[in-house]
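Good morning, and thank you for joining.

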Amino acid sequence: MNILIVEDDQQLAEQLVASLNENGHQTVHVSDGEAGEQQATQMAYDVMIVDRMLPKQDGLTMISNLRQAGMKTPVLILSALGQVDDRVTGLRAGGDDYLSKPYAFSELLARVEILGRRAESQSTDTTVTVADLSLDRIGHSAERAGQKITLQPREYRLLEYLMRNEGRLVTRTMLLEHVWDLHFDPQTNVIDVHISRLRAKIDKDFDTALLQTVRGRGYRLAQPDDVSE
Amino acid sequence: MNRLRQLLSTTAVRLTLIYTILFGILAVGVVAYVSYNTGRLIISQIQSTVDEEIAQIARQSRRGGVRQLIPMIERRSRQPGANLYLVADASGRIIAGNVRDLDREILLKEGWQVPPFDYLRYGDADPESKAIAKVFILPGGLRLLVGRDIGDAERFRHIVGRASTFSLFIMVLTGLVLWFLVGRRALKHIDSVSRSSQRIIDGDLSQRLPLSGSGDEFDRLSSSLNGLIERVEKLNTGVSVMSDSIAHDLKTPLTRLRNRAEAALDKPHDESVIQDIIADADGLINTFNALLMISQVETGARAVQFEQHQLAPILRDVHELFEPSAEELDIELVLDIDAEPTAHCSRELIAQALTNLLDNALKYGLSADQPKIEIRLFEQKGAPCISVCDNGPGVPEDQKQAVTERFVRLDASRTKPGSGLGLALVKAVASLHSGKLDLSDNQPGLCAEICLPRTA
């Protein structure tokens, strides 16, 4: 993916560039709001990572300017430590996701990859398929290898989110955010239990396990040999 | 000199000074007005008496002629305390009366001689006598003068003037003394407050401003300042206690992290050691996140979106989130919705608080024979309340206050994972919503109850 990083902290930016490159992404880094706006209008990016506090023009102003000009690139907003964690203003200004510093890099990477993917497949398909598992988005039911699987409403949302992000790492925080609409760190293993219930439904009676645990980071739904990392 | 300048710049002293000056001006005005009017009144009384007398004399002399006039004047002149009488011919020669000498010019004009003039009286040695008089020209050119000495009036005026001056002097003197005393008292108060403040500024927060016990404005100010200092002291103690606990509670996991990293050096290819390190680091990050969150909630720095929310759906969501975990642990998790209240609240924070309560209940309620957790939504005197009750070991009565503080954990629970921050956050969330967290005995077990303010 082509990623634009707008971050004034040189050290942090270098780290970001190095890690994203390592994970196979191309990056461009600028360090103030005006340069960021210019870059974003000159070139098409898949995802933008924007710090809120920037010299010359703050991140939120930059994003809303770009949105007014019709830019659709997904934006991940970073907020500084100690700053008021105002997720809502960030999202209202046109951001798509929000992460407060300091963050674990795996969390950032997972979010960036999902944002990038969201842009490429804003799919309105009625069915989503991963390997031999398919999800009916109208009937809210799943089927694997011809076998019908009944899902509770929450299980459906969980599976839908995982399937839409096939092959990508999804962290527990992201699941809590998108499936339960709760924005905090689940300090307990509640999510794990939901996952293991879902796993019992979609994987237990089949040869290959699609729902994989990425230790210490989160989960990924994919064909075992089809891991894109 | 410096002291005097300080005294002069005191508000009380300035006010006293201004009052003294203003009152002085007013008093001088009143005295001047009174003495002017007194003088006028006396003169006009004299005038009307004299007018009447002249009219009488004129009447009688018309009837009896000049021959009767002279003896009548002589008779009147001799009466004790008599007015001034004088009869003169046209050339100004005195014929009769009790006036020995005066300025002859006066006799030329008929009518009132209002500006007092000097005169000499028979049998009176005082050369300074002054009088006012009226001149009347009789038929035949004789001049009649009737008047009255105004010495009494002058003396009266003099006495009033002197009394007024004296009282003015006393007043100003009293004002100055008062001014000095009031100012000194104010300064004394201020000085003692400043001295105590200086000690507080120097770092002795146990100092309080002195109170005189009189309940005056200085006392009121001092006592509210004392309240302020007390709050600062409390916060200060809180901060130092907290940093001690942070240091203490974070040292253990950090040491463990360090030891694991050391072990990883020995076994560079053992991935599980690295995973453990990450897990330890995550635990630390979570602790810090919780700490930051509590202080953000406590200071109100977290710009939370307060909106009118139905509470029941929030409870259902969290119940649904925890149900599988409870089932896994063989704990009966019951959701009991008795009312459907709405509250002005943050859904996020209420959900987070509930999560923390449930997390605790799952952790500690587990030891019961038939573990059961009950989540309830109900109304108490119109106020929406949420309670989470377990039947675990509970919290001893004397520890109920303490467990809501940061990092406070019961000894029995030290072996369980957790940061000791869960209830502290719940309490902070409750008070941000102007609500209350109440811990009570579930016999056995713990009941945590959050009551939010009644919605208007």
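I begin with a pair of helices in chain B. In this predicted model, helix α6 of chain B, residues 271-299, packs with helix α9 of chain B, residues 422-432, at an angle of about 20 degrees, and their axes are 9 Å apart. α6(B) is therefore roughly parallel to α9(B). The crossing in which α6(B) passes α9(B) is left-handed.

Which residues in α6(B) meet α9(B)? From α6(B) there are B:Ala290, B:Met293, B:Ile294, B:Val297 and B:Glu298, and from α9(B) there are B:Ala424, B:Leu425, B:Ala428, B:Val429 and B:Leu432. In this contact of α6(B) with α9(B), nine residues are nonpolar, none is polar and one is charged.

The helix α6(B) has a further partner, helix α5 of chain B, residues 217-266. Here the packing angle is about 160 degrees, and the axes are again 9 Å apart. That angle is over 145 degrees, so α5(B) is roughly antiparallel to α6(B). α5(B) passes α6(B) in a left-handed crossing.

The α5(B) side of this contact consists of B:Leu250, B:Pro253, B:Arg256, B:Leu257, B:Arg260, B:Ala261, B:Ala263 and B:Ala264. They meet a set of residues in α6(B), including B:Val273, B:Ile274, B:Asp276, B:Ile277 and B:Asp280. By class, the contact of α5(B) with α6(B) has eleven nonpolar residues, two polar and four charged.

Where in chain B is B:Asn391 placed? B:Asn391 sits in the loop between β11, residues 383-389, and α9 of chain B. Is B:Asn391 buried or exposed? With 23 other C-beta atoms within 10 Å, B:Asn391 is buried, because 20 or more are needed for that description. Leaving aside residues up to four places away in sequence, B:Asn391 touches B:Gly365, B:Ala368, B:Pro371, B:Lys372, B:Asn442, B:Pro444 and B:Gly445. A separation of 7.0 Å lies between the C-alpha atoms of B:Asn391 and B:Ile373, which are 18 residues apart along the chain.

Let us now move to chain A. Chain A has eight helices and twelve strands. Of its 229 residues, 38% are buried. Among contacts in chain A with a separation of 6 or more, 55% are between residues 24 or more positions apart.

One helix of chain A deserves a separate word. Helix α7 of chain A, residues 172-180, is largely enclosed by the rest of the structure, because seven of its nine residues are buried. Those buried residues are A:Arg172, A:Thr173, A:Met174, A:Leu175, A:Leu176, A:Val179 and A:Trp180. Just after α7(A), A:Asp181 takes a positive phi of about 60 degrees.

How many residues does each chain bring to the contact between chains? Chain A gives 19 residues and chain B gives 21 residues. On the side of chain A that touches chain B, the largest share comes from helix α8 of chain A, residues 190-202, with four residues. That side of chain A divides into seven nonpolar, six polar and six charged residues.

I close with the confidence scores. The average pLDDT of chain B is 83, and 95% of the residues score at least 70. For the model, ipTM is 0.72 and pTM is 0.60.

Terms used: Residues are numbered from 1 along each chain as its sequence is written. Chains are lettered from A and ligands numbered from 1 in the order in which they are written. This is a predicted model: local features need pLDDT of at least 70, side-chain atom pairs count only at pLDDT 80 or more; totals for chains, interfaces and linings use all residues. Axes are lines fitted to C-alpha atoms, for helices over the stretch in contact, and angles run from 0 to 180 degrees between N-to-C directions. Helices (H or I, at least four residues) and strands (E, at least two) are DSSP runs, numbered from the N terminus. Angles under 35 degrees count as roughly parallel, over 145 as roughly antiparallel, 65 to 115 as roughly perpendicular and the rest as oblique. A crossing is left-handed if the near helix is turned anticlockwise from the far one by less than a right angle, and right-handed if clockwise. Two residues are in contact if their C-beta atoms, placed from the backbone, lie within 7 Å. Ala, Val, Leu, Ile, Met, Phe, Trp, Tyr, Cys and Pro count as nonpolar, Asp, Glu, Lys and Arg as charged, and the others, Gly among them, as polar. pLDDT is the predictor's confidence in each residue, from 0 to 100. A residue is buried if 20 or more other C-beta atoms lie within 10 Å of its own, exposed if 12 or fewer, and partly exposed in between; C-beta atoms are placed from the backbone.
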